[in-house]
Amino acid sequence: MDFSKLFSLEGKVALVTGAAYGIGFSIAEAYAKAGAKIAFNCRSQHHMDQALADYKAKGIDAKGYICDVTDEEQVKNMVADIEKELGVIDILVNNAGIIKRIPMTEMSVEDFKQVIDIDLNAPFIVSKAVLPGMIKKGHGKIINICSMMSELGRETVSAYAAAKGGLKMLTRNICSEFGEYNIQCNGLGPGYIATPQTAPLRERQADGSRHPFDSFICAKTPAGRWLEPEELMGPAVFLASEASNAVNGHILYVDGGILAYIGKQPK
Ligand code: NAP
Ligand code: GCO
């Protein structure tokens with residue numbers, strides 16, 4: 001084994017879904033720096049134009065596709081295009097996701113279903129589309145972006161917790177079903193990361209004070225702060241590289257210690 005190549009992604013083709021900005025963008029940037037060719041998708045042309053400029057500014061030649069990951073036809077077409085333009089996908093990161101923070105008794109069934117559709121059904125759809133290529137190629141890495149809500153509940157996020165808990169089990173099932181083809185499927189479970197998705201939880205109050213949820217999260221995190229998307233780069237590269245070939249069906253929580261901590265005791 002060549003130790004210097006253990007974390008290299010040289011020559012690999014990686015698809016990171018929903019990587020126009022936020023966590024997906026940082027993971028794609030890390031993969032590009034480790035040598036991979038990058039494909040990503042998002043839903044709007046506006047986000048696509050901005051993302052292509054942002055990748056270019058980092059010196060990354062990423063290929064962008066407009067594709068809604070909940071639409072199986074669109075996903076199949078995107079995967080076929082990537083195979084033609086970059087090659088068969090070696091690494092898939094199911095990152096695209098949304099959250100709706102609505103008390104359960106006030107949440108419509110349509111809202112609940114939309115979250116399940118994007119956060120749980122779509123990883124099934126995209127994984128299903130890339131697995132045949134990985135089987136033929138003789139290896140593959142699927143990384144599902146899980147959450148604290150794969151383990152914990154809280155007020156207002158019933159659909160999101162149901163989806164991310166389900167995604168943890170989809171991860172274990174893909175591991176179980178495709179391990180024999182040298183395909184590893186693991187979860188990456190970020191803690192509370194400063195991205196557009198969590199921006200409403202960090203907004204300053206009208207009087208300039210911190211959002212109560214912002215203070216709550218800092219008190220729940222041993223590090224006492226929100227994490228940055230860049231802090232997921234190392235763990236994401238590990239799960240995509242040969243260094244993790246014997247790691248399968250695992251959820252790697254990158255949470256600054258939240259799941260280990262009972263919370264700051266009152267003074
Ligand atoms: P974000 O900033 O809101 O970015 C989400 C991305 O997903 C966007 O690029 C968005 O593209 C894309 N997307 C959403 N629905 C899509 C669809 N149907 N088809 C294609 N693309 C779609 O979110 P983030 O905070 O980076 O989160 C990324 C992932 O990490 C999500 O799965 C999230 O649940 C998870 N996560 C986040 C945190 C956190 O604290 N931020 C913690 C744990 C887990 P468009 O804008 O074009 O729709
Ligand atoms: C929330 C947050 C979380 C995070 C993340 C935690 O409202 O509690 O948005 O769910 O985004 O998934 O790991």
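The shell around ligand 2 is made of eight nonpolar, four polar and two charged residues. This is a predicted model. In it, 14 residues surround the ligand. The closest are R101, S147, R154, Y160 and Y192.

Look next at the oxygen atoms of ligand 2. A polar side-chain atom of Y160 sits 2.6 Å from an oxygen atom of the ligand. S147 also brings a polar side-chain atom to an oxygen atom of ligand 2, at 2.7 Å. G191 takes part through its backbone: one of its polar backbone atoms is 3.1 Å from an oxygen atom of ligand 2. How much of the ligand does the protein cover? On its own, ligand 2 has 340 Å² of accessible area, and the protein covers 96% of it.

Now step back to the space itself. Rolling a probe the size of a water molecule over the atoms shows where empty space is left. Ligand 2 takes up the space of the largest pocket. That pocket holds about 780 Å³ of space. Its lining counts 40 residues. Closest to the centre of the pocket are N95, A96, G97, I98 and Q197.

Which elements give two or more residues to this lining? They are α1 (22-33), β2 (37-42) and α5 (158-178). The largest share comes from α1, with three residues.

Finally, consider the make-up of the lining. Of its residues, 22 are nonpolar, 13 are polar and five are charged.

Definitions and conventions
Residues numbered from 1 in each chain as written. Chains lettered and ligands numbered in written order. Predicted model: local features only at pLDDT ≥ 70, side-chain atom pairs only at ≥ 80, totals over all residues. Heavy atoms only, no water. Near = heavy atom within 4 Å. Polar contact = N/O pair within 3.5 Å; in protein donor to acceptor, adjacent residues only side chain to side chain. Areas by Shrake-Rupley, 256 points an atom, 1.4 Å probe, with all protein chains shown as cover. 1 Å grid on protein atoms, 1.4 Å probe; cavity = no way out; pocket = protein on both sides within 12 Å on 5 of 7 lines; lining within 4 Å. Sits in = over half its atoms within 2 Å of the grid points. Nonpolar A, V, L, I, M, F, W, Y, C, P; charged D, E, K, R; others polar. Points joined across faces, edges and corners; volume = space filled by probe spheres on them. Helix = DSSP H or I, 4+ residues; strand = E, 2+ residues; numbered from the N terminus.
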